[in-house]
Amino acid sequence: MNALGDLGTELLALLTPAMIFHAAWSTLLGIIIGSLPGLTATMGVALMTTLTYSLDSTTAIMVLLCMYVGAIYGGSRSAILLNIPGTPASAATSLDGYPLAQQGRAGYAMGLATAGSMIGTLVGIILLVMIAPPLAEAALNFGSFEFFWLAVFGVVISGQLTADSTPIKGYIAGILGLMVAMVGSEGIHAHIRFNFGFSDLNGGIGLIPAMVGAFGFAEVLNAMWGRAGVLATAKDKSDRIIPHLADIWRYKVTSIRSGIIGTLVGIVPGVGEDIGAWASYVAARRTSKEADRYGKGSYEGLTAAETGNSAVVPGSLIPAITLAVPGSASSAVLIAALFIHGIRPGPLIMIEQPQFISSVAAMLIIATLFMGFYGLTLTRGFVQVLRVPYAYLMPVVFVLCVIGTYALSQRIFDIWVMVGFGLAGFVLRQMKYPMAPLVLGIILGDLLDKSLRRGLTLSDGDLTPFFTRPVSAAFVVLIAVSILANIGIVRRGVSRAFRRRGTENG
């Protein structure tokens, strides 16, 4: 009851004309960015971070969260109408959304996607309020040894789950990110490393320029390189935008299950919204009584995908706020934004700012309400947004990438960092390397480096505590199992052993 009371208090405090105005325009902008193929939620949040310096911390965080929520939801527009996900999180949505659009029910598909997104976000908000405070309290017992393995686990698990083809590419991307994080002065003794004679590298490679490049400029190049979508224009006289309550109620179990799955996926460091959508979609299909309709225009499949990816948003904020470890690439940018605006995410958040989690939950509720309002009233307008030619759109995005990067520190060098990471990100994408582990490696590299050094200092150079402390040992086991499970010979050997035992028992 105390948590609900705090949530109500924070919600009332945010219901001012100024905050409602900022929530309204940032959510709408987020939906537009998410709906345009090639413009991702991470890029939108990164660019917006560079434009919030003049805002107070509460308003800035509200704007960024509304942008995040809107962009993840907005990806469903192009997934349904163009069969091209506006964001990676909406890839599963296109499987059933586009067939519905081809059948002349695009409006109903977008209305159902809106309802699913709202339910998913609300389920995630409830779990955020329930899980984050005890997790932050438990994290107070974490020391340098535990945070070292937490950082390693984040890179390993994100590399394993976000690689398109083989996990080794995810691991390589994560290690590249860790290597980038080692550039510049280290965090304890300020010894300068790997600057290659360039004084501009003494302070390391900036997170925001790197992320704007990897997710902004790289997306521009990728969008210009990729195919254009064909807008679904079929009409059905019975098509409507507001979904029937009977359809929402029919799939209530699917919605709640997908919301829980998406939130739990969001808690896992660095995995992201696309995995939440696919995990929810697969779980729904396995238990569905209408599995044969999946991929052909299933209402249930569309609901599961949209509920799952939207639930990842509040889920990813749970480790971001309580451990300062991002649950997704977008929440990684939010962590940087929190530090910029004077808020220190981590285990001490419940001591320094005990109302912050309730405040974030209240902001997410406001963003969800605006998302639902725009989704049900401006659907026809978003179709016109999708008609904007890339030739006009992408130069504007590139200019925003340059301006946003330069605004951070007024250094020309940061623009070159952005361009370099953009080109590298584009090349890695063409080779099917995932970007999330790369960015997570940059984020977690500092935590890993400092925790390792502090741990060795506390133990006088002894590595034993890294393996013998209970939480550290648990992380070591999780990491080992995660890696071994992706080695073919090990996986086949375990399968044969289980089959042999099953045969003996039978």
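Helix axes here are lines fitted to C-alpha atoms over the stretch in contact, with angles from 0 to 180 degrees between N-to-C directions. The model is predicted.

**View 1. Helix 2 crosses helix 4.** Helix 2 spans residues 17-35 and helix 4 spans residues 57-82. Their axes come within 6 Å. The crossing angle is roughly 35°. Helix 2 passes helix 4 in a right-handed crossing. By class, the residues of this contact are twelve nonpolar, twelve polar and one charged.

**View 2. Thr-59 sits in helix 4.** Helix 4 is the place of Thr-59. The relative accessible area of Thr-59 is 6%. Buried means under 20%, so Thr-59 at 6% counts as buried. Beyond residues up to four places away in sequence, Thr-59 touches Met-19 and His-22.

**View 3. Helix 5 is mostly covered.** Helix 5 runs over residues 93-102, and eight of its ten residues are buried. The buried residues are Thr-93, Ser-94, Asp-96, Gly-97, Tyr-98, Pro-99, Leu-100 and Ala-101. These buried residues pack against four helices: helix 4, helix 6 (106-139), helix 12 and helix 13. After helix 5 comes Gly-104, with a positive phi near 90°.

**View 4. Helix 12 crosses helix 13.** Helix 12 covers residues 273-287, and helix 13 covers residues 299-323. The two axes come within 7 Å and cross at roughly 145°. This crossing is right-handed. On helix 12, the contact is made by Glu-273, Gly-276, Ala-277, Ser-280, Tyr-281 and Ala-284. On helix 13, Glu-300, Gly-301, Ala-304, Ala-305, Gly-308, Asn-309 and Val-312 take part. Six of the contact residues are nonpolar, five polar and two charged.

**View 5. Ala-337 lies in helix 14.** Helix 14 comprises residues 329-340, and Ala-337 is in this helix. Ala-337 has a relative accessible area of 2%, and therefore counts as buried. Leaving aside neighbours within four places in sequence, Ala-337 is in contact with Thr-49 and Leu-64. Ala-46 is 291 residues from Ala-337 in sequence. In space, the C-alpha atoms of Ala-337 and Ala-46 are 8.6 Å apart.

**View 6. The largest nonpolar core has 103 residues.** Residues with the most contacts inside this core are Leu-39, Met-62, Leu-65, Leu-128, Phe-356, Val-360 and Leu-364. Helix 16 (residues 356-377) gives the most to this core, with 13 residues. A second, separate core has 13 residues, including Ile-80, Leu-100, Ala-109 and Ala-113. In soluble globular proteins, nonpolar side chains tend to be buried together.

**View 7. Surroundings of Leu-39.** Leu-39 is among the residues with the most contacts inside the largest nonpolar core.

**View 8. The whole protein.** The protein has 23 helices and two strands. Of its 506 residues, 56% count as buried. Among contacts between residues at least 6 apart in sequence, 79% join residues at least 24 apart. The accessible surface comes to about 21200 Å². Carbon and sulfur atoms account for 67% of that surface.

Key:
Residues numbered from 1 in each chain as written. Predicted model: local features only at pLDDT ≥ 70, side-chain atom pairs only at ≥ 80, totals over all residues. Heavy atoms only, no water. Core = buried A, V, L, I, M, F, W, Y, C linked by side-chain atoms within 4.5 Å. Buried < 20%, exposed > 50% of the residue type's maximum accessible area, 1.4 Å probe, protein only. Left-handed = near helix turned anticlockwise from the far one by under 90°. Contact = heavy atoms within 4.5 Å. Nonpolar A, V, L, I, M, F, W, Y, C, P; charged D, E, K, R; others polar. Areas by Shrake-Rupley, 256 points an atom, 1.4 Å probe, with all protein chains shown as cover.
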